Amino acid sequence: MNATSSIKQNLYRLLNNFINNDHDDVKPVVEKKPKVYRNRIVVKDMRTIDEKPKAMKDNDFRPKKFEQIEGQKETIELLQIKIAAFRKTGTSIVHTLFLGPSGIGKTTFANVLANEMGVRFHQVMATKIKTDADLYNIIKNIEEGDVMFIDEIHALSDKIQEHLYGVMEDFTVSLEDKNLNTLVLHRIPRFTLIGATTHSGDLNAPLLSRFQLKVHLLPYNVQELKNMIITAGERIYDVTLPSEIAEKLARLSRRTARVAYNLLRSLMDIAEAQTPGKVTSSVLTMDLLFKMLKYEKIDPLVGLDVASRKYLVELIKESKVVRSTAYVEAVKPIPIGTKPLATLCNQQESTITGMIEPYLLSEIELAFWDNEQKLNKVEKSPFVRITKRGRIPLPSSVNYINICRSLQKQGWFVNESFNIKSE
Ligand SMILES: Nc1ncnc2c1ncn2[C@@H]1O[C@H](COP(=O)(O)OP(=O)(O)O)[C@@H](O)[C@H]1O
Ligand SMILES: [Mg+2]
């Protein structure tokens, strides 16, 4: 048993004892009124850095160079041309906007771009830039050629977006001088602004037009996701994933890089917890994978989580289920807007549109099995469609929820409701 797992087992034992109130041997000397702590249990991490599990954050998986990026070939080629020109002429790369759903690789590309240019990278969330002074505080640290990265740039207020026009075009900032009661124009070094957004529709047209390069990152295919999973398995966990396990994880990754890494992390966590020694590929079985999915409340068919299932149930409930046979149902769709849908789902509207919907709007393969576990047919269709009047469910979403209901009888999705009949 290595040091990490023995420490981990000791921690588990201590926590178990604690939870089971198994501390008879500790007799209180003086009876004191219990002190009320705001946080009930604090487990201090006393392991050294080397002992800490390695894969903890997005950053650990984040490629540093183009050659480490999977897929997105055309984008990489385009950016490599820009970088070659930058190296030759020294003129900074045009302001660039990365578009795409959460977890697709926008931050990664911004990072790699700055890295490959060999310039400094200043990263800020749009929600942190509330005033002109906030903006100026970031800009004043920028040197010639640097990259300034504004994440979720659509969240900037109109006023700050307008302020950026001059910054991006003329490399000037106008600041109020209270003593002179006048606006003073400050010159700033030429730099590259990189924006990332899940919602380009929320950007002002003039700001959008000042990004000379707009890059739409594409959803990944199964092979690309499988490669990411296998590479991360080797690089971060020092384990070779069995091909069929990597492939199943890839198929459940909702075409998104971050989901792929999260699934891998969850699988490795459960493998680590169950294995006394080092996790080897023989530990990573389909049974273990299914166990992980059950814990994580992810379906074994297409990889949806609780929030996505809730979304589908609420959406279908709004419509009328008109025909119902074993697995085939049809709905008479009644559109619903994202605002009421977000309320019904207890989610932010931006979570619905930026995280839940992108996958549901893409072609999803749904497999049907007969009672003998033989593959009956595979249906390929989006689950949801956007119409002018709102979102509508497509028939495969109803089929999916029906399959979920039968999985529930086998112990999946405890406490979830799949009642799609509207009241
Ligand atoms: N093309 C890719 N190849 C390899 N890993 C990727 C790729 N795109 C994203 N990742 C990884 O997926 C995770 C999420 O990517 P990120 O850039 O943070 O997404 P976004 O900013 O679009 O939400 C990160 O760990 C990142 O390193
Ligand atoms: Mg990001």
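Which residues does Met148 touch, not counting residues up to four places away in sequence? Hi everyone, let me start with that one. Met148 touches His122, Ile138, Ile142, Phe191 and Leu193. Please keep in mind throughout that this is a predicted model.

Let me zoom out for a moment. The protein chain has 423 residues, and 30% of them are buried. Its secondary structure comes to 15 helices and 13 strands. If you take the contacts with a separation of 6 or more, 66% of them link residues 24 or more positions apart.

Now, back to the neighbourhood of Met148. Met148 belongs to the largest nonpolar core, which has 32 residues. Along with Phe98, Ala110, Leu113, Val147, Phe149 and Ile194, Met148 is among those that touch the most other members. Helix H3 (73-89), E1, H4, E3, helix H6 (158-170) and E6 each give at least two residues to this core. H4 provides the largest share, with 6 residues. A general remark for context: in soluble globular proteins, nonpolar side chains tend to be buried together.

Several of those elements turn up again in the sheet, so to speak, on the next slide. Here we have an open sheet of 5 strands, paired in parallel, and the order reads E2-E3-E6-E1-E7. At the edges sit strand E2 (121-125) and strand E7 (213-216), each pairing on one side only. From one strand to the next, the twist averages 15 degrees. Looking inside the sheet, strand E3 (residues 147-151) and strand E6 (residues 192-197) run parallel and are joined by 4 bridges. One example is Ile150, whose bridge partner in E6 is Gly195. Helix H4 (residues 106-117) packs on this sheet and touches strand E1 (96-99), E2, E3 and E6. The direction of H4 makes about 165 degrees with that of E6.

H4 also brings us to the ligand. Which residues come nearest to ligand 1? They are Arg62, Gly105, Thr107, Thr108 and Ala257, out of 21 residues around ligand 1. Helix H2 (58-61), H4 and helix H10 (257-274) each contribute at least two residues to that shell.

Strand E4 (residues 172-177) is hardly covered: among its 6 residues, the count of buried ones is 0. E4 runs antiparallel to strand E5 (residues 182-187), and 6 bridges join the two. Thr172, for instance, has Arg187 as its bridge partner in E5. The two strands form a hairpin with 4 residues between them. In the turn, Asn181 has a positive phi of about 50 degrees.

Last stop: Ile316, in helix H12 (residues 306-318). Is Ile316 buried or exposed? Ile316 is buried, because 27 other C-beta atoms lie within 10 Å, and the cut-off is 20 or more. Leaving out residues up to four places away in sequence, Ile316 touches Val331, Pro393, Ser397, Val398, Ile401 and Ile420. Pro335 is 19 residues from Ile316 in sequence, with a C-alpha to C-alpha distance of 9.7 Å.

Technical notes: Residues numbered from 1 in each chain as written. Chains lettered and ligands numbered in written order. Predicted model: local features only at pLDDT ≥ 70, side-chain atom pairs only at ≥ 80, totals over all residues. Buried ≥ 20, exposed ≤ 12 C-beta atoms within 10 Å, placed from the backbone. Contact = placed C-beta atoms within 7 Å. Pairing = 2+ DSSP bridges. Axes fitted to C-alpha atoms, helices over the stretch in contact; angles between N-to-C directions. Near = placed C-beta within 6 Å. Core = buried A, V, L, I, M, F, W, Y, C linked by C-beta atoms within 7 Å.
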